[in-house]
Amino acid sequence: MKPSKLLVLGYGNMAHAIVKGILDSAQKFERIAIAGRDFTKAQEFCKSFATHEKASILYPQGIATNAVLELESFDSALFCIKPYGIDSFKFAGSVEIAYSVMAGIDIARIKKAISAQNYVRIMPNVGAHFGESASCVFAQSANNNDAIKAFVESFGNCVFVDSEALIDASIATSGSSPAFLALVAQSLIDCGVYHGLSFSQAQELVGQTFKGFASLLETASPESIKQSVTSPNGTTARGLTCLEKLGVRGAFIQAGIESIARAQELAKK
C-alpha cells in the first residue's frame, strides 16, 4: 500500500494525541497537513513534534473563514474539531475517506461539509497519545475496511460496529471514560494521602494498580476480579458495601447516560 496524504482539521488535545500515535506507529504517510482557522496554532502544533523522527511529514496550513480548501492532494481527511466548527470549512474536490471524531455529528451532516467515497466515524480517547486509544468505529461502506483498520490501529485498537448509533453509545465506554476513571484515580490518591502516603507514592501505587487491572480485564470479567479481591467480612467487602450505599455504580452509569445525551443534543443543533 502506497503512503497516503492525510488532512487533519484541528489542533487540539485529541488531534495531538492521534497524530502522536500515528507518528509513533508503523503507519506510513507521505504527508500530514494540520489545518485550522488559526495558522499560528497550526504552526505551533507542528513545532511540538519538531524532535520526532517523522516531523518532516507535518505541514501547517491555515484556513480563513469561508475560504475553500482544495482536497485533490489528499487521500483522506480527519475532522478533529469541536462539533460546532464543522460549518467553518468549505472544500473543493473529494477524498477517498473522510474520518470524524466529532461527538454527536452524524454522517449525514458530515456529507454536507465534505465529499468522500466513504465516511467513517471514530470514537477514540486520549490513550491515542500512547497508541492505546479504545476506538469504536462505524464505516458507511465496508469497501475500505482494511485501510480504515490500519489507520485506526495506528493509535489504538479498532472495534467496528454495524450501527452508527453505537458510536454515541461508546462515549460512555471509551470516549468520556478516561475522565471518569481519572476521578476514581484522584479519589484513591487523596485517600492514600489522607492516611499518610506522599502524593507521589500514592500516585505511583494507584497508577500501577490501574495497569494491573487493565491486564486482568483482558482475561477476566469485572465481577470475577471483584470476587477475587473480596474476602468474606474483609476490608474490600466493607469498602464495596460503602460504595453501594453511596450509589457509586449508579452514579457512573448515569454519568455515561448523560454524556451520550449531550452528544445527541449536539446532533440536533
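**View 1. Secondary structure and extent of the chain.** The chain holds 10 helices and 10 strands; helices (H or I, at least four residues) and strands (E, at least two) are DSSP runs numbered from the N terminus. This is a predicted model, in which local features need pLDDT of at least 70 and side-chain atom pairs count only at pLDDT 80 or more, while totals for chains, interfaces and linings use all residues. Residues are numbered from 1 along each chain as its sequence is written, and side-chain values use heavy atoms, with hydrogens and water left out. Along the principal axes, the C-alpha atoms fill a box of roughly 65 × 40 × 35 Å.

View 2. Of the 269 residues, 39% are buried, where buried means under 20% relative accessible area, exposed over 50% and partly exposed in between (1.4 Å probe, protein chains only). Among contacts (heavy atoms within 4.5 Å) with a separation of 6 or more, 55% are between residues 24 or more positions apart. There are 24 positive and 24 negative side chains, and the centres of the two sets lie 4 Å apart. Lys and Arg count as positive, Asp and Glu as negative, and His and the chain ends are not counted; each charge is placed at NZ of Lys, CZ of Arg, CG of Asp or CD of Glu.

View 3. Ile 34 lies in strand S2 and is buried, at 0% relative accessible area. Val 8 is 26 residues from Ile 34 in sequence, yet the C-alpha atoms of the pair are 5.0 Å apart. Leaving aside residues up to four places away in sequence, Ile 34 touches Val 8, Val 19, Phe 45 and Tyr 59, among others.

View 4. Ser 259 is part of helix H10 (residues 248-268). This serine counts as buried, at 18% relative accessibility. Beyond residues up to four places away in sequence, Ser 259 touches Ile 171, Ser 176 and Phe 180.
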